[in-house]
Structure formats: structure tokens, C-alpha cells
Amino acid sequence: MATTTSLPEYTEEYQQQQRQQVLEAEVVYEWECILRTKVKLLSTVILGGLGGGFVGVTNYLHPDVVALILCGGMVLIFLPVIYFLFNADYDYKGQITPKGIIIQKTERVPEIFYKATRGMAYIGIVVCVIAALMVGPLAFVGAGAFALLSFKMTGFHKQPQVLVYPFLESFTYRNTCSELDDIYQWDIYTLMCDIPSFDDHKLYNLYWFGFQCKASDFPHIEKVLKQYIRFAD
């Protein structure tokens with residue numbers, strides 16, 4: 001539906017002001033759910049198999065018991081890291097205010113695991129170098145990859161991600177996606193909306209919004225949203 005309402009001028013100050021209004025507004029409704037991908041276990045098994053295969057091939061070409069133990073130990077160390085961190089589950093919390101939506105995603109990983117991971121990462125760097133020196137040049141590729149990964153792991157911390165979506169109340173929103181999400185386990189529902197009359201990509205990105213929720217919660221969430229924004233028929 002076309003609108004004659006004039007478009008706001010996009011500036012960094014305007015963007016910050018719009019999002020700050022959402023953060024300062026009263027929360028009228030909130031919901032929570034857990035996001036867990038369907039491929040979490042499968043991807044861990046596949047990567048673990050690849051790591052184990054690499055260790056096996058390396059040991060076959062250059063048999064060395066100590067190197068086998070070191071490399072095998074590294075694979076075992078990284079398996080839980082892949083499962084808990086690289087395919088992390090998320091505590092998902094959504095809040096609706098009269099000015100917009102606030103989404104907070106937090107990894108479902110105990111802080112002690114982050115501390116252990118950072119400690120093992122430093123050990124992993126040393127082990128990778130020793131393994132590469134003992135096995136020979138062929139192992140430098142694999143050891144280098146593990147060492148690089150270990151360096152990245154030394155800075156791991158739990159960092160909640162907060163997304164703020166302001167409403168533009170004078171415009172009509174278009175529902176672009178409203179369905180059960182096949183990426184996640186359980187009954188996770190995804191809604192995405194935009195404003196079709198925007199030609200300015202910056203404004204479009206500012207006022208587009210999307211979120212996940214339990215399928216059973218969506219009817220009420222949609223009802224609350226319609227109190228503050230218009231949806232195209």
C-alpha cells in the first residue's frame with residue numbers, strides 16, 4: 001500500500017535516537033525460547049570424523065606413537081568446543097515496546113566452559129607446535145590450522161547480542177515471512193517484516209525487523225504488534 005507520509009532523513013544520529021527510544025520505552029510484552037539448530041550433533045560428528053581421519057592418515061604415513069597421542073588428544077579436546085561453542089544453543093528473549101522490539105540472544109554455555117576453553121587453547125598451541133616438529137613437514141598444515149584455531153579460542157567470552165528494531169508507526173508493514181523455521185529444533189516460529197515503500201536501503205535496514213518465538217506464542221505476539229504498527233492486507 002502506497003503512503004504519502006514523508007520519509008525521515010537517515011543520519012547516524014537519527015538511527016541512534018530511534019533505537020534509544022526503543023530501549024527507554026516501557027516493555028508491554030516479552031517472551032522467551034531456546035534456539036537449537038537441527039544439525040548441531042551431525043556437524044560435530046562430521047568434523048570429529050574429519051579430524052580423526054586426518055590423524056589416522058598422518059600416523060599411517062609417518063608412524064609415531066607420541067605424535068598420534070598428541071594429535072588424537074587435540075581432536076578430543078576440540079570436539080566439545082565444536083559442540084558447545086561453534087554450534088551454540090541460544091537463550092532467546094524478545095520484548096515489545098510501543099516504540100519497537102528488543103531481541104537478546106545469549107549463548108547457553110556455562111562460563112566455566114569458556115574458562116576451560118581458554119586454558120586448553122594455550123595448551124593446544126604448544127601441543128600443535130610439538131606435534132608438527134615431531135611428525136615433520138606433512139603435519140604443519142594440520143598443526144597450523146589447530147594452532148590458528150587455538151589462538152582465536154584464547155579470547156572466548158560469553159557476550160549477549162542485543163538487537164533493537166524501531167517501529168515507524170506512520171507506515172504500513174509487509175509480512176515477508178511467517179512460518180515454522182526448519183533450521184531450529186522444536187516449534188520455533190519465524191516472522192520477518194519490512195516496509196515496501198522504502199527505496200533508501202539504509203532506512204529499509206533500520207526499520208526491517210524479524211524475530212523467533214515458540215509457535216504457541218506467536219498469535220498473541222502478533223496481536224500485540226498490531227496495536228502499534230499497521231500490516232498490509
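These legends go with several close-up views of a predicted model. Local features need pLDDT of at least 70 and side-chain atom pairs count only at pLDDT 80 or more, while totals for chains, interfaces and linings use all residues. Residues are numbered from 1 along each chain as its sequence is written, and side-chain values use heavy atoms, with hydrogens and water left out.

**View 1. An open, antiparallel sheet is built from four strands.** The strand order is β1-β2-β3-β4. Helices (H or I, at least four residues) and strands (E, at least two) are DSSP runs, numbered from the N terminus; two strands pair if DSSP finds at least two bridges between them. At the edges are β1 (29-35) and β4 (161-166), each pairing on one side only. Look for the seven bridges that join β1 to antiparallel β2 (residues 90-97); here E30 stands opposite Q95.

**View 2. Helix α1 (residues 12-24) lies across β2, β3 (100-107) and β4.** The helix runs at about 105 degrees to β4; axes are lines fitted to C-alpha atoms, for helices over the stretch in contact, and angles run from 0 to 180 degrees between N-to-C directions. Y14, Q15, Q18 and V22 are the buried residues of α1, where buried means under 20% relative accessible area and exposed over 50%, with partly exposed in between (1.4 Å probe, protein chains only). These buried residues fall within an arc of 105 degrees seen down the axis of α1, so they line one face of the helix; the arc is that of the directions from the helix axis to the C-beta atoms. They pack against β2, β3, β4 and α6 (201-207), with contact meaning heavy atoms within 4.5 Å. On the other side of α1, you will find E12, E13 and E24 exposed.

**View 3. W31 sits in the largest nonpolar core, which has 34 residues.** Such a core is a set of buried Ala, Val, Leu, Ile, Met, Phe, Trp, Tyr and Cys residues joined through side-chain atoms within 4.5 Å. W31 is listed among the residues with the most contacts inside this core, as are Y173 and L225. Not counting residues up to four places away in sequence, W31 touches residues including Y92, I103, F211 and I221.

View 4. β5 (residues 172-180) and β8 pair in the parallel sense over two bridges, and Y173 has F231 as its bridge partner in β8.
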